[in-house]
Amino acid sequence: MDIKALQTRLREFAAARDWQPYHAPKNLAMALMVEAAELLELFQWQTLPESRRFTRDVHNKERVGDEMADVLLYLLQLADHCGVDLEQAAERKF
């Protein structure tokens, strides 16, 4: 995955829609949490075994993937706006 290329595409996508005024770090962090909550909602009330089986169904796997992609894209935008190199930050965590 080319993080820098994705961030460039996200910048262009936002610019084409005039979203830049709304893409402050605070707003992006809030949007990231909303998307993470939507991901969590898919597993809400499931038992641990049910949650492990959930993505064996193709439709559920696609739904989970869509929400994960939303989380990833907001995280990439937030990192871009904050000047954080995510690869470097992840390496520090290891």
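Contact is taken to mean heavy atoms within 4.5 Å. The model is predicted, so that local features need pLDDT of at least 70 and side-chain atom pairs count only at pLDDT 80 or more, while totals for chains, interfaces and linings use all residues. Residues are numbered from 1 along each chain as its sequence is written, and side-chain values use heavy atoms, with hydrogens and water left out.

Helices are DSSP runs (H or I, at least four residues) numbered from the N terminus. The loop between helix H1 (3–16) and helix H2 (25–43) holds His-23. His-23 counts as buried because its relative accessibility is 12%, the term standing for under 20% relative accessible area with a 1.4 Å probe and protein chains only. Neighbours within four places in sequence aside, His-23 is in contact with Ala-14, Leu-28, Gln-77 and His-81.

Gln-7 belongs to helix H1 and is buried, at a relative accessible area of 4%. With neighbours within four places in sequence left aside, its contacts are Leu-76, Ala-79 and Asp-80.

The axes of H1 and helix H4 (residues 58–82) come within 10 Å and cross at roughly 90°; axes are lines fitted to C-alpha atoms over the stretch in contact, and angles run from 0 to 180 degrees between N-to-C directions. H1 and H4 are therefore roughly perpendicular to each other, a term covering 65 to 115 degrees. On the H1 side the contact is made by Ile-3, Leu-6, Gln-7, Leu-10 and Arg-11, and on the H4 side by Leu-73, Leu-76, Gln-77, Ala-79 and Asp-80. These residues divide into 6 nonpolar, 2 polar and 2 charged, where Ala, Val, Leu, Ile, Met, Phe, Trp, Tyr, Cys and Pro count as nonpolar, Asp, Glu, Lys and Arg as charged, and the others, Gly among them, as polar.

Methods. Helix = DSSP H or I, 4+ residues; strand = E, 2+ residues; numbered from the N terminus. Buried < 20%, exposed > 50% of the residue type's maximum accessible area, 1.4 Å probe, protein only. Parallel < 35°, antiparallel > 145°, perpendicular 65-115°, else oblique.
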